[in-house]
Amino acid sequence: QVCMAFMQPFHDQMIASLLLRLGVAAPDPGVHRLGFALMALVQDYWTSADYMEALAPGSVHAEGALDEVLETLVCYGQALVEAEASRRRGRHPDGP
């Protein structure tokens, strides 16, 4: 319950932002999946950072890497949001 008390406000805020971005009136499973995917993108990246650094030295802990990683993750996140918006419009993100 402590986890829920801590995480619920952040999740709710993200879902509210996604609703606005997607033009959706109320949360549905797809909006929640998108929110979870965005959180997983960041969470997994940082919980796996030491492994990634071992596989590709300098990719995570080098000078300036943090800024590059953050910029890249934001770009990936935007792509996920746009893909969901396209899916809702009935179009595959890679097609017409």
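This is a predicted model: local features need pLDDT of at least 70, side-chain atom pairs count only at pLDDT 80 or more; totals for chains, interfaces and linings use all residues.
Let me start with the contact of α1 with α4, where L18, R21 and L22 in α1 meet V81, E82, E84, A85 and R88 in α4, contact being defined as heavy atoms within 4.5 Å. The residues of this contact divide into 4 nonpolar, no polar and 4 charged, where Ala, Val, Leu, Ile, Met, Phe, Trp, Tyr, Cys and Pro count as nonpolar, Asp, Glu, Lys and Arg as charged, and the others, Gly among them, as polar. Residues are numbered from 1 along each chain as its sequence is written, and side-chain values use heavy atoms, with hydrogens and water left out.

Now the geometry of that pair. Helix α1 covers residues 2–22 and helix α4 residues 65–88, and the two pack at an angle of about 55° with their axes 10 Å apart; helices here are DSSP runs (H or I, at least four residues), numbered from the N terminus, and axes are lines fitted to C-alpha atoms over the stretch in contact, with angles from 0 to 180 degrees between N-to-C directions. The two helices are therefore oblique to each other, the class left over once angles under 35 degrees are taken as roughly parallel, over 145 as roughly antiparallel and 65 to 115 as roughly perpendicular. The crossing of α1 and α4 is right-handed, that is, the near helix is turned clockwise from the far one by less than a right angle.

In helix α4 we find L80, which is partly exposed because its relative accessible area is 32%. Leaving out residues up to four places away in sequence, L80 touches L34, A37 and L38, and of these A37 is 43 residues from L80 in sequence, with 8.2 Å from C-alpha to C-alpha.

Finally, the aromatic rings, where the count comes to 2 pairs, given that rings of Phe, Tyr and Trp (its six-membered ring) pair if their centres lie within 6.5 Å, with planes under 30 degrees apart stacked, over 60 edge-to-face and the rest tilted. One of them joins Y45 and W46 edge-to-face, at 5.3 Å centre to centre and 70° between the planes, and W46 counts as partly exposed because its relative accessibility is 33%.

Note on methods: Buried means under 20% relative accessible area, exposed over 50%, partly exposed in between (1.4 Å probe, protein chains only).
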